[in-house]
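Please look over the sequence and the model, then read the points below by topic.

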Amino acid sequence: MAVVNRIAGFAEEMAGWRRHLHMNPELGLDCHETAGFVVERLKEFGVDEIHPGIATSGVVAVIHGKGEGPVTALRADMDALPMDEETGKDWASTVPGKMHACGHDGHTSMLLGAAKYLAETRNFKGKVVLLFQPAEETIGGGRIMVQDEKVMDRFGVEEVYGIHTDPFAEFGELRTGPGALMAAVDDFNIIIKGKGGHAAFPHETIDPLPCVFALGSALQSVVSRNVNPMQSAVLSLTQVHGGSAMNIIPEEAVISGTLRTLSPEMREMGERRIREMIAGQAASFGVEIELDWQAGYPPTINHAAQAMFAADVARGVTPDVVDNLAPEMGAEDFSYMLEARPGAFLFLGQGIGPSVHHPEFDFNDEVAPVGASFFARLIETRHAI
């Protein structure tokens with residue numbers, strides 16, 4: 001494994017940064033202490049421009065190379081999850097109900113490691129834009145940075161790259177591929193309103209529950225009868241609520257679920273078919289139905305040329321590279337950055353272990369030099385002097 005020697009030399013320092021962040025998790029847009037820690041490190045490194053307060057608590061920083069050249073952005077997310085930690089590590093979260101269970105502390109430390117190296121060496125032309133974003137797990141800090149803060153335009157970004165740790169892959173394996181890598185996510189609540197009453201006199205009511213059963217069954221055909229069998233989509237009904245006693249027909253019932261799709265076209269089709277089925281079932285059962293549609297992140301779609309470039313760079317850092325990774329149905333707000341600029345998202349194997357979003361998950365500090373080296377080599381290759 002060809003980790004950059006200089007980066008390997010401060011691996012323990014990177015682990016220290018990561019463990020400090022792990023002990024002090026913050027949620028959503030409220031990543032102010034994390035951002036303050038990032039800013040202090042960037043100042044120590046001699047980074048040329050530091051812009052805090054982007055998307056409330058995000059940080060954008062710029063490192064100037066030697067002369068004119070490309071402008072490439074590298075992204076790390078900073079927020080944690082609202083859950084209690086069960087790792088038992090010395091550096092476990094000190095904040096009840098908050099935990100870095102998705103590796104964002106590691107993502108931040110890897111990007112800081114790359115920043116330290118690039119600011120020291122300046123062995124590239126053009127500029128590197130460092131994007132430290134909040135709220136990946138909640139409302140989409142990536143969307144705010146791109147759409148509201150206009151960071152791609154403000155800082156002249158031409159391409160953008162990001163890494164996510166992967167506890168389902170072997171240590172040091174970098175995985176990516178062209179096209180859809182992660183899914184769009186749309187959640188929904190379907191509120192079925194009838195007329196409640198005594199269960200012994202159903203003719204005096206408009207029972208919402210038969211509609212629940214019929215609609216739940218019908219919705220299963222959204223994927224099975226509308227999606228090409230050679231493509232992928234997921235519609236999962238995850239909650240059903242209705243009724244309070246054996247002898248009461250409820251006034252209303254609720255079905256909740258999620259739709260995961262891999263293209264804008266499939267996403268539009270899924271929502272349209274759900275709405276059509278709701279309208280049909282409402283007429284069939286004489287009920288009123290409201291749809292609370294919660295549009296989430298778009299699909300994370302890698303640009304083919306940039307994904308292949310990233311895989312080529314990865315081969316110079318690790319012998320374990322996958323360049324044809326099949327998509328998964330999780331979601332990522334890096335998708336907004338890839339909608340705005342060409343680029344690629346990669347997964348970095350940290351060794352098989354507890355899943356992300358699990359109370360026993362912990363980022364593997366030993367893999368941080370691999371991620372930081374990838375970022376550094378990507379810049380030195382794309383911005384070659």
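Predicted model: local features only at pLDDT ≥ 70, side-chain atom pairs only at ≥ 80, totals over all residues.

Just after helix α5, Lys 150 has a positive phi of about 55 degrees.

**Helix α5 and its cover**

- Helix α5 covers residues 141-148, and its buried residues are Gly 141, Gly 142, Ile 144, Met 145 and Val 146.
- Among the elements that cover these buried residues are three strands, β1 (49-54), β2 (58-64) and β4 (127-133).
- Helices α6 (151-154) and α11 (334-340) are also included in that cover.

**The protein as a whole**

- The C-alpha trace of the protein spans about 80 × 45 × 35 Å along its principal axes.
- The protein has 385 residues, and 54% of them count as buried.
- Taking contacts between residues at least 6 apart in sequence, 82% join residues at least 24 apart.

**Strand β16**

- Strand β16 runs over residues 343-349, and seven of its seven residues are buried, so the strand is largely enclosed by the rest of the structure.
- In a regular strand, side chains alternate between the two faces of the sheet.
- On one side of β16, Gly 343, Phe 345, Phe 347 and Gly 349 are buried.
- Strand β5 (residues 159-166) runs parallel to β16, and seven bridges join the two.
- Within this pairing, Gly 162 has Phe 345 of β16 as its bridge partner.
- Strand β6 (residues 174-175) pairs with β16 in the antiparallel sense, over two bridges.
- Leu 174 stands opposite Leu 348 in β16.

- Four strands form an open sheet in the order β10-β12-β8-β13, and their pairing is antiparallel.
- The edge strands are β10 (233-242) and β13 (288-295), each of which pairs on one side only.
- From one strand to the next, the twist of this sheet averages 15 degrees.
- Nine bridges pair β10 with strand β12 (residues 252-261) in the antiparallel sense.
- Ser 236 has Thr 258 in β12 as its bridge partner.
- Helix α9 (residues 264-285) lies across β8 (184-193), β10, β12 and β13.
- Relative to β13, helix α9 runs at about 165 degrees.

**Helices α2 and α3**

- Two packed helices are described by the angle between their axes and the distance between the axes.
- For helix α2 (residues 11-23) and helix α3 (residues 32-45), the axes come within 10 Å and cross at roughly 160 degrees.
- That angle makes α2 roughly antiparallel to α3, because angles over 145 degrees count as roughly antiparallel.
- The crossing in which α2 passes α3 is right-handed.
- From α2, the contact is made by Trp 17, His 20 and Leu 21.
- From α3, the contact is made by Thr 34, Phe 37, Arg 41 and Phe 45.
- Sorted by class, the contact of α2 with α3 has four nonpolar, two polar and one charged residues.

Methods:
Residues numbered from 1 in each chain as written. Heavy atoms only, no water. Axes fitted to C-alpha atoms, helices over the stretch in contact; angles between N-to-C directions. Parallel < 35°, antiparallel > 145°, perpendicular 65-115°, else oblique. Left-handed = near helix turned anticlockwise from the far one by under 90°. Contact = heavy atoms within 4.5 Å. Nonpolar A, V, L, I, M, F, W, Y, C, P; charged D, E, K, R; others polar. Pairing = 2+ DSSP bridges. Buried < 20%, exposed > 50% of the residue type's maximum accessible area, 1.4 Å probe, protein only.
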